[in-house]
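Let's take a walk through this model together, one site at a time. Have the viewer open and follow along.

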Amino acid sequence: MANQNNNIIEQSSKNNNLPKVFLHGPPQFSILLQPNPSQNFHILNPSSLPPLHEFISLNPDHASSISAIVCTTLYPVNADVIRLLPSLRLICAASAGTNHIDLSECRRRGIKVTSAGNLFSEEVADMAVALLIDVSRKISTANRFLRRQLQIASWDFPLGSKLTGKKIGIVGMGRIGLEVAKRLEAFNCMISYNSRNKKPLLSYPFYSTVIELATSTNVLILCCELNDQTRHIVNKEVMLALGKGGIIVNVGRGALIDEKELLRCLIEGEIEGAGLDVFENEPYVPKEFFSLDKVVLSPHAAVLTSDSFMSICQLVEQNLEAFFSNKPLITPVI
Ligand SMILES: O=CC(=O)O
C-alpha cells in the first residue's frame with residue numbers, strides 16, 4: 001500500500017499544476033468510473049486505492065491539494081469528510097440522489113455539487129417494473145422452488161397475482177415516476193400519483209397525500225427523493241390503507257419507508273409483498289427480510305448497468321471539464 005501511495009504522489013507531482021480530483025467510493029467504483037485524462041484536472045487515484053480517510057492519513061499534505069471529489073451513495077460526504085478537505089470546491093455525485101452529501105455544509109463552504117440528473121431514470125423505472133412483476137408473479141420464488149424440486153413435480157406453489165389492470169400509485173412524479181407510468185400503461189394499469197404539486201399536463205388522478213393514494217390503489221411505487229418532508233412518507237397508517245393485497249416497490253431511498261413497520265406488516269400479512277432496491281440503513285439490510293418469500297430484494301442495483309456507467313463517466317468528465325475551465329456546470333445541484 002505504501003508503494004502504491006508513493007506512486008500516486010510521484011504521478012501527481014508530474015501534474016503538480018493541475019487541480020486534483022479524488023474518486024471517493026468502493027474499489028470497483030474507481031475501476032468502472034474512469035474519466036479520461038484531461039488537460040484541466042488530474043485524477044489522483046485512477047485505480048483501486050485506499051479510501052479517502054486512509055489516503056489522507058497516509059498523505060496528510062495531499063488533503064489540501066484535493067479540489068474535487070467524485071462520489072457514490074454508499075460513501076457519505078458528511079461535514080467530517082468535507083472538513084478533511086480544505087481546498088474542496090466541487091463534489092460530483094455519480095448518482096441522481098444527493099441525500100448522502102451534506103448540502104448545507106457545501107453551501108456554507110461555497111462548494112458546488114453536481115448529480116447524475118435524469119441520466120438513470122430509464123434504468124430505475126425498468127427496475128421498478130421488474131420488481132413489481134417479480135413480487136406479483138413470484139418469479140424469484142419460482143426460481144428457488146424449481147431449483148429445490150429439480151422438476152415440475154407438483155403444483156404446490158403459492159399463487160401470484162395478475163399485474164394487468166392493477167391500480168398503481170406512484171409517489172414522486174418526476175422523470176422516474178413518468179417512465180414507470182409509461183411502462184405500466186402498456187399493462188393497462190390505472191395510474192394515479194402523489195407528488196409535491198399536481199402536474200398540470202398530466203391526466204392521471206392526483207392525490208395530495210400518500211394515505212389517500214394508498215387507499216385508492218393496490219400498489220405503491222416510491223420514486224421520490226429523500227428529504228425531511230419525505231422521510232417515512234410510507235408509515236404504518238399508509239401500509240394499513242394499502243391493505244392486505246397491497247404491494248410496495250421502493251426504488252427511491254430506504255428511509256422513505258418506516259422499515260420496522262414494513263417488516264411487521266409483511267410478517268403479519270397486513271400487505272401482500274414488497275420489492276426493495278433500497279434500505280433504511282445501507283449497507284445494512286435487516287436479516288428478517290431474507291426469510292420472507294413475499295419480498296424481492298436487490299442491493300441498491302437499479303442503476304448498475306454497463307450503459308449507465310458509460311453515461312455517468314461521460315457526464316462526470318463533462319462536469320469536471322466545465323468546472324475547471326470556468327464554464328457552467330452540466331447538472332448542477334447547488
Ligand atoms: O440510487 C441511485 C441514484 O441516486 O442514482
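The second largest pocket is lined by 16 residues, and those nearest its centre are Thr-73, Asn-99, His-100, Glu-280 and Glu-282. Keep in mind as you look that this is a predicted model. The space in this pocket comes to about 330 Å³. If you colour the lining by residue class, you will find six nonpolar, six polar and four charged residues.

The domain assignment of the chain gives two entries, domain 1 as 2-119 + 306-324 and domain 2 as 121-297. Their C-alpha centres lie 34 Å apart. Across the boundary, eight residues of domain 1 are in contact with seven residues of domain 2.

Now turn to the ligand. Which residues are around it? They are Ser-95, Ala-96, Gly-97, Phe-120, Arg-253, His-300 and Val-303. This shell divides into three nonpolar residues, three polar ones and one charged.

A polar backbone atom of Ala-96 is 2.7 Å from an oxygen atom of the ligand, and a polar backbone atom of Gly-97 is 2.8 Å from a ligand oxygen atom. Arg-253 takes part through its side chain, with a polar atom that lies 2.7 Å from an oxygen atom of the ligand. How much of the ligand does the protein bury? Taken alone, the ligand exposes 190 Å², and the protein buries 90% of that.

A search of the whole structure finds two cavities of 30 Å³ or more. The largest cavity has a volume of about 40 Å³. It is lined by 11 residues, and the closest to its centre are Phe-22, Leu-23, Gly-25, Pro-50 and Pro-51.

Note on methods: Residues are numbered from 1 along each chain as its sequence is written. This is a predicted model: local features need pLDDT of at least 70, side-chain atom pairs count only at pLDDT 80 or more; totals for chains, interfaces and linings use all residues. Side-chain values use heavy atoms; hydrogens and water are left out. A residue is near a molecule or strand if one of its heavy atoms lies within 4 Å of it. A polar contact is a pair of N or O atoms within 3.5 Å; within protein, one must be able to donate a hydrogen and the other to accept it, and residues adjacent in sequence count only if both atoms are side-chain atoms. Accessible areas come from the Shrake-Rupley method with a 1.4 Å probe; for residues, only the protein chains shown count as cover. Ala, Val, Leu, Ile, Met, Phe, Trp, Tyr, Cys and Pro count as nonpolar, Asp, Glu, Lys and Arg as charged, and the others, Gly among them, as polar. On a 1 Å grid over the protein atoms alone, a cavity is a set of points where a 1.4 Å probe fits but cannot get out, and a pocket is an open set with protein on both sides within 12 Å along at least five of seven lines; lining residues have an atom within 4 Å of a point. Grid points are joined across faces, edges and corners, and a volume is the space filled by probe spheres set on the points. Domain bounds come from an automatic or database domain assignment. Contact means heavy atoms within 4.5 Å.
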